[in-house]
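Dear colleague,

My notes on what was found in it follow directly after.

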Amino acid sequence: MPIDDIILESEDKMDKAVAVLTEEFKGIRTGRATPALVDTMVVEYYGAPTPLKQVASISCPDARLIVIKPYDATALPGIEKAIQKSNLGINPQNDGKLIRLAIPPLSEERRKQMAKLAKDHAEKAKVALRNIRRDALKQGEGEQKEGLMTEDDLERFKTEIQHSISGHERKIDEQMEKKTKEIMEV
């Protein structure tokens with residue numbers, strides 16, 4: 001495989017690792033109501049696991065309230081159960097037609113826990129980047145051993161991969177700082 005293809009493939013995988021982190025950050029509570037807290041939640045609906053956003057409309061009428069209105073009232077118990085099983089720490093209020101989630105303000109201790117969780121997610125994303133780099137370097141060294149790449153090409157390849165991973169690590173750090181700041185806001 002040509003060097004440029006290996007680099008492009010690696011960068012694509014790195015972009016996906018950063019995108020996964022972005023999605024994980026959406027599910028971390030910040031003390032503000034946002035549909036992203038619950039829209040990826042999986043609900044048992046007619047015996048099949050289904051994303052919540054496919055069985056209900058989710059809205060935030062104010063900064064401390066999420067309202068979930070199922071398209072089909074029979075989905076209410078499944079939605080309620082999914083929310084209770086989640087690690088949100090919010091008790092759903094079911095009135096028979098919709099579910100209200102009152103978002104309580106986070107205590108200082110809980111904010112620190114959420115910030116630590118964000119840091120853990122960011123570290124996992126960085127580990128994924130390092131694994132991608134390791135695999136790419138193995139592939140490049142294999143190409144060089146087969147005589148498809150010169151030593152100079154291999155060094156240039158290593159430099160480009162390192163440059164790419166550094167850029168993606170910066171993106172992860174920026175996202176983590178932004179999320180931590182958002183969590184620690186009162």
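Tyr 46 lies in the loop that joins β1 and β2, where helices (H or I, at least four residues) and strands (E, at least two) are DSSP runs numbered from the N terminus. Its phi is near 50°, a positive value in a residue that is not glycine, whereas most residues other than glycine have a negative phi. With a relative accessibility of 66%, Tyr 46 counts as exposed; the classes used here are buried for under 20% relative accessible area, exposed for over 50% and partly exposed in between, with a 1.4 Å probe and protein chains only.

Before going further, please note that this is a predicted model, in which local features need pLDDT of at least 70 and side-chain atom pairs count only at pLDDT 80 or more, while totals for chains, interfaces and linings use all residues. Residues are numbered from 1 along each chain as its sequence is written, and side-chain values use heavy atoms, with hydrogens and water left out.

Thr 50, in strand β2 (residues 48–51), counts as buried because its relative accessibility is 12%. Leaving aside residues up to four places away in sequence, Thr 50 touches Met 41, Val 42, Val 43, Tyr 45 and Val 55, contact being defined as heavy atoms within 4.5 Å.

Turning to the sheet, four strands form an open arrangement in the order β3-β4-β6-β5, with antiparallel pairing. β3 (56–62) and β5 (93–94) are the edge strands, each with a single partner, so one side of each has no neighbour in the sheet. Two strands are taken to pair if DSSP finds at least two bridges between them; β3 and β4 (residues 65–70) have five, in the antiparallel sense, and Ser 57 stands opposite Lys 69 in β4.

Helix α3 (residues 76–85) packs on this sheet, touching β3, β4, β5 and β6 (99–102), and its direction makes about 20° with that of β6; axes are lines fitted to C-alpha atoms, for helices over the stretch in contact, and angles run from 0 to 180 degrees between N-to-C directions.

Finally, the buried residues of helix α1 (residues 3–26), among them Ile 3, Met 14 and Phe 25, pack against α4 (108–145) and α5 (151–184).

Key
The expected span of a helix is 1.5 Å times one less than its number of residues.
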